[in-house]
Amino acid sequence: MKFSTNSSFPSSVGHNVPTKATSNGTGTMCTNGSLGTEGPEATETDSSGTGRMRKPLERNGSTQNDTVHLERRLGLFSGVALIVGTMIGSGIFVSPSGLLIRTGSVGVSFIIWLACGLLSLLGALAYAELGTMNTSSGAEWAYFMDAYGPAPAFLFSWVSTLVLKPSQMAIICLSFAQYAVEAFVTECDPPRGVVKMVALVAIVMILFVNCYSVNLGMAVQNVFTAAKLVAVLIVICGGAWKLFQGNTQHLSNAFNGPMPNIGAIATAFYTGLWAYDGWNNLNYVTEEIKNPSKNLPRSIIIGIPLVTLCYALINISYLAAMSEQEMIESEAVAVTFGNRILGALAWLMPLSVTVSTFGSANGTLFAAGRLCFAASREGHLLDILSYVHVRRLTPAPGLIFHSLIASAMVLHGTIDSLIDFFSFTAWIFYGGAMLALIVMRYTKPNYPRPYKVPIIIPVVVLVISVYLVAAPIFETPRIEYLYALLFIFAGLIFYVPFVKLGMTPRFMNKVTLFFQLLLEVVPTSSMAMFE
């Protein structure tokens, strides 16, 4: 929403990055440094409604003259580390019991774990083509702009900023709190109120870290990612030891239970896919990847199968140490596993898992703040959310905004309900991205595609996404699904007047000025005044 303000800060005239238009010698105007001779698909009016000329499939992002400039720093190793680090979070430590409840069978649940990994890989390969076609950051937002136009792209930014990213953080913080509290409560289940309070404290701590310094936020992320890998290694090695001792009774007769119905399978996929979520995170930072046409698909091909292998081994390790019923009854499966395997060192398991989930929450807020910053700078959200701190250069308003919504979700939701809502809504947009790839095969057939996925892959993922969205609605209708759909389309109420028509309520100038003074933030176009 383009709510610009004329404040006391110098040059505070809105969020748009200044545009430089130069001739490339062929009569075509290049905007924001677009390079090379362009074909018939090369230039068109910017569909965001600004009237500027842009290179198709490239967003007007950071330029060399921006204070916040995105450099290409991520190589192949960093790309793999980002995928693995964001995918392995709280899901594998929370989801196994929920998935067993919904399938009623060890064998079926294990197949769904592997199927979720395969589906994530196929979806990520399709995203690799999209990401090498359009090397702008923003993932689905950029692809929707190219395939469908600004309205669907706005709906994605609307839902992602207000629902998807905050709910993701709420789930991870609740998981963190569950493990942290259960480590001190052995006789009974930890009080729900205490768990929620610990989750809120975690959100506040992570918010402080990311608002204080970008370098501090990344340092915390690196340390906690290393601890996460230690937790995974502990589980796998412990399970291997139990299997070596001959504890295979829980793995035999894996398919004795009744087959679940199609609705139960879909919701079981929600639980499993939550553990794999993050497979598309590399597309959010495409502008920072070195040689993205090669490193983006290679990172995906290496990273996602590695995570799938880890998840398969972790599930086998759980069943080597405890029965199916024990896994279902435990809300902190990894803690129960540690009590069985590690003896006097059992405290290492809850400590490792809390460290892992804290690191995941830190990374989630870091990415969410960037998404909010980018969408706001393009005029799809409040201008104040794209402002940065004048000294610390952190997007404090966006970080605070996400943290407030996540805190509300922590207070009023549970892990399972939030996972269902997140997965249902997310797969609507994942399916939309698959359809965008198929559409652009016909609308932009001649555009360079450094990496081209077989067309059957996005078609298969699109069909599965339709099933994941439709099956729970038809099998077990719940009012929450209707609320989710209504919320998505409710974004049009704000899009038409504030984005398409460019209306600006008068009071927003005073609101924006108030928060500028309170938070000491300015638009990125004003940052040079403070260097």
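Q: Is E129 buried or exposed?
A: Burial is read from relative accessible area: under 20% is buried, over 50% is exposed, and partly exposed lies in between (1.4 Å probe, protein chains only). E129 has 0% relative accessibility, so E129 counts as buried. This is a predicted model, in which local features need pLDDT of at least 70 and side-chain atom pairs count only at pLDDT 80 or more, while totals for chains, interfaces and linings use all residues. Residues are numbered from 1 along each chain as its sequence is written, and side-chain values use heavy atoms, with hydrogens and water left out.

Q: How many salt bridges does the structure hold?
A: A salt bridge is a side-chain nitrogen of Lys or Arg within 4 Å of a carboxyl oxygen of Asp or Glu. The structure holds 4 of them. One joins E129 to R441, with the closest N and O atoms 2.8 Å apart. E129 sits in helix 3 (residues 106-133) and R441 in helix 14, so this pair ties together parts 312 residues apart in sequence. Helices (H or I, at least four residues) and strands (E, at least two) are DSSP runs, numbered from the N terminus. R441 is buried, as is E129.

Q: Which residue forms a salt bridge with E129 at 3.2 Å?
A: That residue is R449, with 3.2 Å between the closest N and O atoms. R449 lies in the loop between helix 14 and helix 15, and E129 in helix 3, so the pair ties together parts 320 residues apart in sequence. R449 is buried, because its relative accessible area is 14%.

Q: What about the pair R340 and E326?
A: Their side chains meet in a salt bridge of 2.6 Å, N to O. R340 is in helix 11 and E326 in helix 10 (residues 324-329), 14 residues apart. R340 counts as partly exposed because its relative accessibility is 40%. E326 has 27%, so E326 is partly exposed too. Elsewhere, salt bridges with shared partners join E129, R441 and R449 into one network.

Q: Which residues of helix 11 are buried?
A: In helix 11 (residues 333-341), the buried residues are V333, A334, V335, T336, F337 and G338. Just after this helix, G343 takes a positive phi of about 60°.

Q: What describes two packed helices?
A: The angle between their axes and the distance between the axes. Axes are lines fitted to C-alpha atoms, for helices over the stretch in contact, and angles run from 0 to 180 degrees between N-to-C directions. Helix 1 (residues 76-87) and helix 9 (residues 292-321) pack at about 40°, with axes 8 Å apart. Angles under 35 degrees count as roughly parallel, over 145 as roughly antiparallel, 65 to 115 as roughly perpendicular, and the rest as oblique. Helix 1 and helix 9 are therefore oblique to each other.

Q: At what angle do helix 7 and helix 12 pack?
A: Helix 7 (residues 214-244) and helix 12 (residues 348-377) pack at about 140°, with their axes 8 Å apart. That makes helix 7 oblique to helix 12.

Q: Where does R391 lie?
A: R391 is in the loop between strand 5 (388-389) and helix 13 (396-412). R391 counts as exposed because its relative accessibility is 56%. R391 and E520 are 129 residues apart in sequence, and 8.5 Å apart in space, C-alpha to C-alpha.
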